Amino acid sequence: MDKMLLPTTNADGLPVVPMNEEQKYIFDLKGWISLPGLLSEEQLEPVCAHQMKFLYERDSLPKEERDNHGGPSQILLDHPAVVGVLNEILSHQSLATEACYGFRFDHTYTSHRRAGHDNFRPHGGSGFFNFSGSSHLYQMQQGRVHAGLTRVVWELNEVEKGDGGTMFLSGSHKAAFPRPTELCERDSALWETYSCPAGSVVIFTEALCHTGTRWTNETRDRLSLFTCYNTVNAKWGKACPPPEVIASMPPKRQTLFRGVWHGMRDVPGINKYYDEANTGRFA
Ligand SMILES: O=C(O)CCC(=O)C(=O)O
C-alpha cells in the first residue's frame, strides 16, 4: 500500500502517531488494542464537562456543541493516536489525501454508568467470514488487515481491574466455529479486558465477540464514548451530528462526515472532500 497519501497530521495540525509493529500484531491477533493515557488533565476536564452537559443539560449548550462530539469533545474524533490506528486498519487509500481522511465517522453514543449498571450481552464474532453488507467484517492479507466497522471507546474516567470495562473474546473475529454458550458466560476465563487511566482509548473490530458487563465501582462512574468509524462508502448507524456542529469543525475533521459513496476520477466525482452538499445526513 502506498502510505504517502495518508494524512500525516490531524485536523489540528498534530502529527499522526502510526501504529508500531507490536500494536499491529496484537490488534490482528486479538481484534482489539488499548492505548492508555492519551489525554492530559487539561484536555480531559473540558471534555468530561461537555459530556455531562450533553447528557443532562443539553439545552444549555450552544447549538454547535449539541452533539457527543461537539465543542471540546471534537478533539476525540481524530486524536493523532486514533488516526494512526485507523490509517492502518480501516483507511481506503484511494479516498485519502493529506487533507482528507480515508475513513469516515459512522455513529456514536455516550454511556454514563453507575455501580450496578449491567450491559452483559455478548455479540459478534466470526467477522472474517461475513459478507460486506454486514460491515462487521475483518479481512487480512500478508502484512495488511482491513477492519470494517471499528469501535473506538474513549474511557473518560479511570477503569480499574474488576470495575467492569468492555470484555472481549480475543481472536473470535477469525473464529470458524459457532461460539458455545457456556464459554461466553460472564465468568468465563476466555474473556479479556483492560484497566486504564482516565483519557484512554480501546479500539476493537466490531467483527469480534464482545460485551459490556456490570459496572461495580461504587465511588467512580464509568463515562465512555463508543464511537464507530467505517469505510467511506458504507454506513451502519443512522445518526450524524447536526450541520451546526460539523460547520464548527476544521476542514479535515469535516471529511469524517462526507456522504457515503466512493466515485471515481477527480473531485467532485470522487469522494475526497466535504462540503454542505456532500454530507452523510439523511434528514
Ligand atoms: O457496554 C460495553 O462496554 C460494550 C458496548 C458494546 O458492546 C457495543 O457498543 O457494541
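Biologist: Hi! Which residues do ring pairs link into a cluster?

Modeller: W32, F168, Y194 and F204. Rings of Phe, Tyr and Trp (its six-membered ring) pair if their centres lie within 6.5 Å; planes under 30 degrees apart are stacked, over 60 edge-to-face, the rest tilted. This is a predicted model, where local features need pLDDT of at least 70 and side-chain atom pairs 80 or more, while totals for chains, interfaces and linings use all residues. Residues are numbered from 1 along each chain as its sequence is written, and side-chain values use heavy atoms, without hydrogens and water.

Biologist: How many aromatic pairs are there in the whole structure?

Modeller: A search finds twelve. In one, F103 and Y229 are edge-to-face, because their ring centres are 6.0 Å apart and their planes at 80°. F103 is in the loop between α3 and β2, and Y229 is in strand β9, 126 residues away.

Biologist: How are Y109 and F226 arranged?

Modeller: They are stacked, 4.8 Å centre to centre with 10° between the planes. Y109 sits in strand β2 and F226 in strand β9, 117 residues apart. Y109 is partly exposed at 30% relative accessibility, whereas F226 is buried at 5%.

Biologist: New topic: which residues are around the ligand?

Modeller: Among them are Y109, N119, H123, R151 and F226, with a heavy atom within 4 Å of the ligand. A polar side-chain atom of Y109 is 2.6 Å from a ligand oxygen atom.

Notes. Polar contact = N/O pair within 3.5 Å; in protein donor to acceptor, adjacent residues only side chain to side chain. Helix = DSSP H or I, 4+ residues; strand = E, 2+ residues; numbered from the N terminus. Buried < 20%, exposed > 50% of the residue type's maximum accessible area, 1.4 Å probe, protein only.
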